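Please consult the sequence and coordinates shown below while reading.

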Amino acid sequence: MAKLGDYLPEVPQIVNQMTEFNENLNLLQLMKSDGDKATAPTLGLDHVVNTWVRHQMAYRQQLVMDLQTITYSVAEIRSPLGHITSEVFRRGVKIIPKVENPSMEEKERLEKLILDCNIFDQTLEEVFRQVHYDINSIDDGFIYLVKEYTSKENNRITSRVKELRRLNPALVEFDLDTAGLPKNSHFLCPIHREEVGEKPGICGASGCSHTLWPAMYKYYHRNQHVYLFDGEVIHVSKFSPSETYGWSPILTIFEKALTLIGMDKNIYRYFFERKMPASMVMVTTDDPESLRRERAHIAAQTRIDPNYIPMVAVSSRNNRGRVDMVRLFHTLQEMDYLPVRQEIRERVAAMWGVTPAWQGTPDAFGGLSTQTQQLVVMGRVVEADQRLFHEKVIPLLMDALSITDWVIQLEQPEEKAEATRISFAQQRAQIANQFLQMGFDVKLKQSDVPIDEAEFLIAGDPVPTAKMQGEQTAMAIEQQKEQAEQMKAMQEGTGGEEEGGEEMEKALNIDEAAIKTAVEKAFTPDFHAKGPDKERDIDEWAKKREKKAEDRAYGFKDIGGNPKNYQKSWIEDLSDQGFSSPIIKSVTDDGSQMWFSQNNVDYVAALSPSGIVNVEKASFTPNTPSVSYNPTGSNTRNNKEDDEED
């Protein structure tokens, strides 16, 4: 058959132009909608990234399996990953209600799934542990929700989760088209999954009229691909989340991991597969035969006597004889093996945030030298991993299970000790008591709760301390009055004695005036209770203080609170009596005499409430020292003979 292009050579060019025009027209139609609205085109992965992802798919299975092998074979990697997983799930999975009066039917379904979630009789915690290990090693975790679909009326499809499975990251791929877009490459019916199409539409299998759903993932199972919907797989990435795959942290420390593998093999060969001597003695001599005979003689003598000390004579006619020892292996100290291994081990564990205290080396070097700080850092790492499940896995799982009244929660790994909980409760109670003393209204947030969960609500305004003390005093007086009335009533009822009645009468004489006086006295404000309207004028106070200082300087004293009446001071009295410049030295304790000096002459003045009465020269009694009669014994003389001897 002849080709159309042979007769019409311009046809292929026209066809290409029409094809290009149709593509542009389709793009405009996609961006256009009813009215004035328009939608921007959906962009897939960049060409470079998409090419890399598509190339990675060809080798992803082998790459992930190699990373898993390294993870399980290198102790310095498997140990921190195991510690993190153990801490995250150390206290198990807990079911807690979200609403009041939750549905018990939902709880039963959830408990059944937690105990047996797939055909292999795995618990939900075991599946979560596997996924968590994949997240920390491959940076990709996949949970497969095995659903059972049912076709209802009006082409309505319902689903029910039957199983939960962990998918191996090496066998899961994103179903992307050439433009790097998911959900755009393969389409299938949830009822007839064996029919896979490359374009959206209607199923049509066995008269089925359901719309085809786009596939998001494809799983390589038994030499064929199984296409999965978006709602059937939960994907979690921790270190490098992206549109598709994560980036394994083992690739970052790949050289360190290979170094550890080489060091382990070296140690294995050093101690187990060593087939050559550790060292060799090289003797330079011109008579090797005599050396060989001497060596045999030494070996024979050593077998006879282990304590035999050999002596070897080496002939050297040309003055070149010497003995050299060549070591064929280096010791671990010479290779600096242990410090290097410890350094690599610390750097590898730091990739996952596992501190040395969790690897059996609490005396680790570095910034985190105390075990408390290391426990805090490890606790934060565990909380971050639990947050992945609380925010990305469990909500999607609850939505797929149609459970709204309950939720699954991973408990905190570091449970608080009983003493710690009591200590926190005491601190909260002390703080509430402090607010109560300040005058605030304090009440419990919720009653009928354990002591370690009691919380307080603070309301109101602060009350001055003086006002609170006055109220307390008034209350105390009222209580005394009530007690006195009760005792009087008891006395009247039992016919008590007159003395008791008199005491009751005295107690009852507390009237309202006394209560008011006590309250006013208690209301005397101090610097805590004074407000801006009760503060004294600082300028007026300073002037009065300056006036009093001047009065004291001139020897005036205030009499009876009247500032116009002043009494002469001692200095003024002495000046009136002729002592112009007296120097007061001391005053007796009872205030009756004063010792002063004038021109180096000592005087004694008699004092009275009205001033100085009399002034006389001072006379001092000399203090004559006495000698002890018997310094080493008693000062009392024993007899008259001793006096005579003296």
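Arg 341 counts as buried, at 16% relative accessibility; here buried means under 20% relative accessible area, exposed over 50%, and partly exposed in between, computed with a 1.4 Å probe on protein chains only. The model is a predicted one, in which local features need pLDDT of at least 70 and side-chain atom pairs count only at pLDDT 80 or more, whereas totals for chains, interfaces and linings use all residues. Residues are numbered from 1 along each chain as its sequence is written, and side-chain values use heavy atoms, with hydrogens and water left out.

Arg 341 forms a salt bridge with Glu 76, with the closest N and O atoms 2.8 Å apart. A salt bridge is defined as a side-chain nitrogen of Lys or Arg within 4 Å of a carboxyl oxygen of Asp or Glu. Because Glu 76 lies in helix H4 (residues 75–88) and Arg 341 in helix H10, the pair ties together parts that are 265 residues apart in sequence. Glu 76 also counts as buried, at 7% relative accessibility.

## Geometry of helix H10

Helices are DSSP runs of H or I with at least four residues, strands are runs of E with at least two, and both are numbered from the N terminus. Helix H10 covers residues 337–352, 16 residues in total, and reaches 24 Å from its first C-alpha to its last. That span is close to the 22 Å expected at 1.5 Å a residue, where the expected value is 1.5 Å times one less than the number of residues.

The buried residues of H10 are Tyr 337, Arg 341, Ile 344, Glu 346, Val 348, Ala 349 and Trp 352. Just after the helix, Gly 353 adopts a positive phi of about 80°.

## Further salt bridges

Under the 4 Å rule, the count comes to 18 salt bridges. Side chains of opposite charge can pair when their charged atoms come close. Glu 173 and Lys 218 are both buried. Salt bridges that share partners also join Glu 76, Asp 264 and Arg 341 into one network.

Within helix H5 (residues 104–115), Arg 109 and Glu 105 lie four residues apart, about one turn of the helix. An α-helix has 3.6 residues a turn, so residues three or four places apart point the same way. Arg 109 and Glu 105 form a salt bridge, with the closest N and O atoms 2.9 Å apart. Arg 109 is partly exposed at 34% relative accessibility, and Glu 105 is partly exposed with a relative accessible area of 45%.

## Aromatic pairs

A search of the whole structure finds 13 aromatic pairs. Rings of Phe, Tyr and Trp (its six-membered ring) pair if their centres lie within 6.5 Å; planes under 30 degrees apart count as stacked, over 60 as edge-to-face and the rest as tilted. Tyr 72 and Tyr 133 form a stacked pair, 5.3 Å centre to centre with 20° between the planes. The pair links distant parts of the chain: Tyr 72 is in helix H3 (residues 47–73) and Tyr 133 in helix H6 (residues 124–137), 61 residues apart. Tyr 72 is partly exposed, with a relative accessible area of 44%, whereas Tyr 133 is buried at 11%.

The ring centres of Phe 89 and Phe 389 are 5.6 Å apart and their planes stand at 80°, so the pair is edge-to-face. Since Phe 89 lies in the loop between H4 and strand E1 (93–97) and Phe 389 in helix H11 (residues 371–401), the pair ties together parts that are 300 residues apart in sequence. Both Phe 89 and Phe 389 are buried. Elsewhere, Phe 142, Phe 174, Tyr 217 and Tyr 245 form one aromatic cluster.

Three strands form an open sheet in the order E6-E5-E7, with antiparallel pairing; two strands pair if DSSP finds at least two bridges between them. The edge strands are E6 (196–197) and E7 (213–214), each of which pairs on one side only. Two bridges join E5 (residues 187–188) to E6, and Phe 187 stands opposite Gly 197 in E6.

Asp 177 lies in the loop between strand E4 (172–174) and E5. Asp 177 is buried, with a relative accessible area of 13%, and its side chain makes a polar contact of 2.9 Å with the side chain of Asn 184. A polar contact is a pair of N or O atoms within 3.5 Å; within protein, one must be able to donate a hydrogen and the other to accept it, and residues adjacent in sequence count only if both atoms are side-chain atoms.
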